[in-house]
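Please find below some numbered remarks on the model, written for a colleague who has the coordinates open. They begin with strand pairing and then move on to the cores, the cavity and a few individual residues.

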Amino acid sequence: MPPLQAHCTTHGSSTRSRESGQVVVLLLVFLVVLLGIAAAAIDVGSWYRADRALQSSVDSAALAGAQALPDDPGGPARSRRSTPRRTAAASSSVTVTGEVVADDTIVVTGKRSAPGFFSKIMGIDSVDVHARAVARAGTLEEARWAAPFGVDEQHPMLQCQPSPCFEQETTLELDKVGPGAFRLINIDGSHGGIGPPVLADWILRGYEGYMPLGWYNSDRSAKFNSSQVSDALDARLGTEMLFPVYRDTRGGGANFEYEVVGWAGYVITSWDLQGSKNSRLHGYFKRVIWEGIGSQSASGTSFGARAVSLVE
């Protein structure tokens with residue numbers, strides 16, 4: 001019996017030793033696989049971040065380049081040549097095309113090499129990431145942050161050919177254009193008089209809603225003598241503002257309306273407001289890129305105010 005017991009003990013110890021060895025091998029295999037997955041995740045994450053960074057850079061370049069369109073289609077290419085690349089391995093291309101009108105769209109593509117780290121074990125030193133962005137400049141179909149002063153489309157500075165006369169001193173008369181109408185527009189689409197606090201806020205900040213093209217009611221009476229209005233004008237001296245441009249008027253009294261056909265950028269340099277007579281704003285028209293919705297057709301009238309947006 002004793003020899004038999006000794007034999008059984010030796011056999012059991014050998015079995016446990018083999019099982020322990022198998023567990024160690026399986027554990028090592030598992031650890032290798034786990035490390036491989038972790039390494040792949042780190043590299044893939046790094047490549048994804050490189051792709052996002054390149055896309056952000058290309059988006060910014062497209063939006064910046066579109067600001068020169070359609071007036072200066074060569075501007076984006078000059079800007080690209082004068083701007084250093086972020087890395088020597090990066091490459092890009094800029095193309096200007098016409099979609100709604102000639103030279104209104106810019107296409108920017110970019111490529112960059114993104115290095116690998118753990119993937120080098122598998123012979124992958126780097127991967128190429130690609131990005132593409134399309135931006136378009138267009139006349140405004142809806143504008144945000146507009147101010148309430150209406151500008152007659154027949155203003156001499158808006159009638160210059162082939163485009164409005166920008167950055168030339170001029171005057172906007174706020175004279176009477178209809179019964180109780182002094183070129184103050186209810187740009188929020190409301191009907192009736194707007195109080196001086198709201199009027200002053202529209203001058204100081206602009207109307208926060210989106211203002212589409214169309215017919216708008218006149219704000220009744222001249223409210224230029226309000227200290228709130230004069231304080232707001234003082235705060236905006238020398239800054240860009242957006243004024244609605246009207247083509248026609250209709251109605252009378254409380255129903256007097258303006259047909260808004262576009263918007264123009266204007267910088268007020270001084271003002272002289274004396275109620276219903278001899279009130280005027282002094283300044284100049286200026287090209288502006290403004291927040292809003294660009295026109296999807298070529299029918300909009302441009303007065304130098306444009307919207308720029310990514311379309312792809």
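1. Pairing around strand 11. Strand 5 (residues 170–173) and strand 11 run antiparallel and are paired over four bridges, where strands are DSSP runs of E of at least two residues, helices are runs of H or I of at least four residues, both are numbered from the N terminus, and two strands count as paired if DSSP finds at least two bridges between them. Within this pairing, Leu172 has Leu281 of strand 11 as its bridge partner. Strand 10 is also antiparallel to strand 11, with seven bridges joining the two, and here Tyr266 is bridged to Phe285 of strand 11.

2. Basis of the values. This is a predicted model, in which local features need pLDDT of at least 70 and side-chain atom pairs count only at pLDDT 80 or more, whereas totals for chains, interfaces and linings use all residues. Residues are numbered from 1 along each chain as its sequence is written, and side-chain values use heavy atoms, with hydrogens and water left out.

3. Overall composition. The protein has four helices and 14 strands, and 38% of its 312 residues are buried, where buried means under 20% relative accessible area, exposed means over 50%, and partly exposed lies in between (1.4 Å probe, protein chains only). Of the contacts (heavy atoms within 4.5 Å) between residues at least 6 apart in sequence, 71% join residues at least 24 apart.

4. The largest nonpolar core. In soluble globular proteins, nonpolar side chains tend to be buried together. The largest nonpolar core in this model has 29 residues, and those with the most contacts inside it are Phe149, Ile203, Leu233, Phe243, Leu281 and Phe285; a core of this kind is a set of buried Ala, Val, Leu, Ile, Met, Phe, Trp, Tyr and Cys residues joined through side-chain atoms within 4.5 Å. Two or more residues of this core are given by each of strand 6 (181–185), helix 3 (196–204), helix 4 (227–236), strand 9 (240–250), strand 10 and strand 11 (280–286), and strand 10 provides the largest share, four residues. A second, separate core has 20 residues, among them Ala146, Leu242, Val260 and Ala305.

5. Phe285. What does Phe285 contact, leaving aside its neighbours within four places in sequence? The contacts of Phe285 include Val151, His155, Met157, Leu158, Cys165, Phe166, Glu167, Thr170 and Leu172, and also Ala264, Gly265 and Tyr266.

6. The cavity. The structure holds one cavity of 30 Å³ or more, a cavity being a set of points on a 1 Å grid over the protein atoms alone where a 1.4 Å probe fits but cannot get out, with lining residues having an atom within 4 Å of a point. The largest cavity contains about 40 Å³ of space, the volume being that filled by probe spheres set on the points, which are joined across faces, edges and corners. The lining consists of Thr139, Leu140, Gly262, Trp263, Thr301, Ser302, Phe303 and Ala305, and at least two of the lining residues come from each of strand 3 (126–146) and strand 10 (257–272). By class, four lining residues are nonpolar, four are polar and none is charged, where Ala, Val, Leu, Ile, Met, Phe, Trp, Tyr, Cys and Pro count as nonpolar, Asp, Glu, Lys and Arg as charged, and the others, Gly among them, as polar.

7. Backbone points to check. The peptide bond between Leu69 and Pro70 is cis, with omega about -5°, and Pro70 lies in the loop between helix 1 and helix 2 (75–82). Asp103, in the loop between strand 1 (91–97) and strand 2 (105–115), has a phi near 60°, a positive value in a residue other than glycine. Trp145, in strand 3, also is not a glycine and has a positive phi of about 65°; Trp145 counts as partly exposed because its relative accessibility is 24%.

8. Pro179. Pro179 is in the loop between strand 5 and strand 6 and is partly exposed, with a relative accessible area of 48%. Not counting residues up to four places away in sequence, Pro179 touches Gly252, Gly253 and Phe256.

How values were computed
On a 1 Å grid over the protein atoms alone, a cavity is a set of points where a 1.4 Å probe fits but cannot get out, and a pocket is an open set with protein on both sides within 12 Å along at least five of seven lines; lining residues have an atom within 4 Å of a point.
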